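Please look over the sequence and the model below before reading on. The paragraphs that follow turn to the ligand and its surroundings, and then to a sheet.

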Amino acid sequence: MALKTQIVVVGGGAGGLELITRLARRFGRNPRFDLILVERDRTHIWKPLLHEVAAGSLDANLDEVGYRSHGHRWGYRYFRGTLEGIDRKAGQIVIAPLLDEDGSEIMGQHRIRYDYLVLAVGSVTNDFGTKGAAEHCLFLDERKNADRFRGKLLDQCLRVSRTMLNDPSQEAFLEVAIVGGGATGVELAAELYNAAAALKHYGLEVFDESRLKVTLLEAGPRILPALPEKLATAAHEELESLGVRVLTETAVTEVTREAMVTNTGERIAAHLKVWAAGVKGAPYLAEIGGLETNRLNQLVVRPTLQTTRDERILALGDCASLTPAGALRPIPPRAQAAHQMAETVAKNLERLIEGRGLQPFVYRDRGSLVSLSRFSTVGSLMGNLVGGRMAIEGRLARMVYVSLYRMHLVAIHGWLKGIAMIAVGHVNQVVRPRLKLH
Ligand SMILES: Cc1cc2nc3c(=O)[nH]c(=O)nc-3n(C[C@H](O)[C@H](O)[C@H](O)COP(=O)(O)OP(=O)(O)OC[C@H]3O[C@@H](n4cnc5c(N)ncnc54)[C@H](O)[C@@H]3O)c2cc1C
């Protein structure tokens with residue numbers, strides 16, 4: 001019996017899950033094809049929501065998607081596992097031993113055959129080797145880290161509250177230091193004030209936003225370098241009005257258990273330290289399977305999103321590096337890029353299988369949007385109607401920001417279920433607590 005054509009996608013994140021859903025729509029019930037998603041986690045949560053998960057304003061248990069049931073619905077197979085190597089000669093990927101919580105082996109190292117392989121394994125936080133950062137900072141690049149942050153946040157809020165109840169003359173604060181004035185750092189800082197304001201309704205009567213001291217540290221001359229200056233200034237002012245201390249041109253040179261040390265010699269004491277200052281590919285990706293990677297461990301791809309040394313292996317999203325012809329910089333590691341690349345890879349795989357010519361990926365920058373929680377949203381959009389870049393602020397920007405996630409929901413659930421999920425989200429906002437407190 002002839003072997004089925006096996007398409008393997010590794011990584012079910014913002015791009016990978018959209019891709020496997022598209023492929024399943026096209027090939028899922030076709031007996032000549034076998035579609036496999038390899039993913040290390042059991043459930044998916046859209047990564048741009050992680051700062052809300054960390055602050056507790058979003059309950060990831062309600063928004064997560066279980067891969068096994070999703071695969072059953074769409075017609076692909078889900079294998080839980082962590083990619084650790086590629087044997088290109090044999091056309092196989094190597095999956096690390098699968099361990100349970102106690103470290104006992106569930107499944108030994110094993111291999112999965114592929115005819116076509118797509119790598120969509122995302123990125124990890126880049127701490128640029130800063131002394132003490134890996135040891136003492138939290139990185140918001142995985143669900144478990146966002147959950148860990150929330151646990152620590154709630155513990156510290158309780159500590160501050162108890163200290164003040166035991167001795168009202170004592171001033172107690174929750175100090176948070178965030179490295180990186182990009183979207184993640186800015187959004188987290190604002191979200192913390194939203195969460196702190198809500199806590200007093202849930203039994204921590206003496207805790208409110210005045211107990212919060214957040215410092216945002218940015219090495220560059222201004223926060224949000226991807227946004228027009230006017231909007232970055234608006235966001236800067238909004239953060240300061242909330243009470244955030246925003247320090248630009250301030251690089252962190254060392255992190256200790258108690259504080260962040262800056263290039264100006266200041267020690268910024270912090271109970272919670274977050275590093276959100278850049279991303280890179282995970283170390284195991286460096287020259288994986290002999291493929292070309294850049295100095296950030298990202299897989300270098302051609303305009304068709306095929307890797308440069310193997311046309312049957314494609315890559316998308318944060319783990320891929322593509323600098324379009326004539327552009328000065330590579331396509332940024334953003335959810336909108338992963339979303340658009342998933343569409344191109346799905347089409348190109350079909351063309352590859354049918355022996356047709358592949359299409360180049362064209363990145364359409366829809367602009368950048370940054371959510372300042374319920375306080376505001378700022379951003380810039382490609383204003384197609386007015387023929388240029390359009391700066392937007394406030395309610396309109398919030399609507400567009402929310403629509404990015406809605407597009408993802410529709411891409412992975414289809415129109416009907418996607419719209420039902422959006423409606424459920426609205427109902428939950430009314431019937432569920434405003435914060436996840438466990
Ligand atoms: C807090 C935060 C806020 C953000 N806000 C925005 C925003 O507002 N707008 C925007 O455009 N972008 C935003 N981003 C960036 C955006 O989340 C990423 O660019 C996007 O998720 C990249 O998609 P991806 O599919 O490449 O990777 P991911 O979505 O990270 O998915 C990678 C998947 O691969 C899996 N995986 C990893 N390694 C392995 C392995 N070895 N084996 C098997 N599976 C593996 C992971 O579990 C994950 O499911 C934000 C990021 C963060 C952290």
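Which of the 32 residues around the ligand come nearest? In this predicted model, they are Gly15, Glu39, Tyr284, Asp318 and Ala335. Of the 1,000 Å² of accessible area that the ligand has on its own, the protein covers 93%.

The shell around the ligand can also be read by element, by domain and by residue class. Helix 7 (183-199) and helix 9 (335-354) are the elements that give two or more residues to this shell, and helix 9 gives the most, with three residues. Both domain 1 (5-123 + 281-354) and domain 2 (133-277) contribute, each with at least three residues. By class, the shell holds 13 nonpolar, twelve polar and seven charged residues.

Turning to the sheet, six strands form an open arrangement with mixed pairing, in the order 5-2-1-11-24-23. Strand 5 (77-80) and strand 23 (306-307) stand at the edges and have a single partner strand each, so one side of each is left without a neighbour in the sheet. Strand 1 (residues 5-10) runs parallel to strand 11 (residues 116-119), to which four bridges join it, and Val10 stands opposite Leu119 in strand 11.

How values were computed
Residues are numbered from 1 along each chain as its sequence is written. This is a predicted model: local features need pLDDT of at least 70, side-chain atom pairs count only at pLDDT 80 or more; totals for chains, interfaces and linings use all residues. Side-chain values use heavy atoms; hydrogens and water are left out. A residue is near a molecule or strand if one of its heavy atoms lies within 4 Å of it. Accessible areas come from the Shrake-Rupley method with a 1.4 Å probe; for residues, only the protein chains shown count as cover. Ala, Val, Leu, Ile, Met, Phe, Trp, Tyr, Cys and Pro count as nonpolar, Asp, Glu, Lys and Arg as charged, and the others, Gly among them, as polar. Domain bounds come from an automatic or database domain assignment. Two strands pair if DSSP finds at least two bridges between them.
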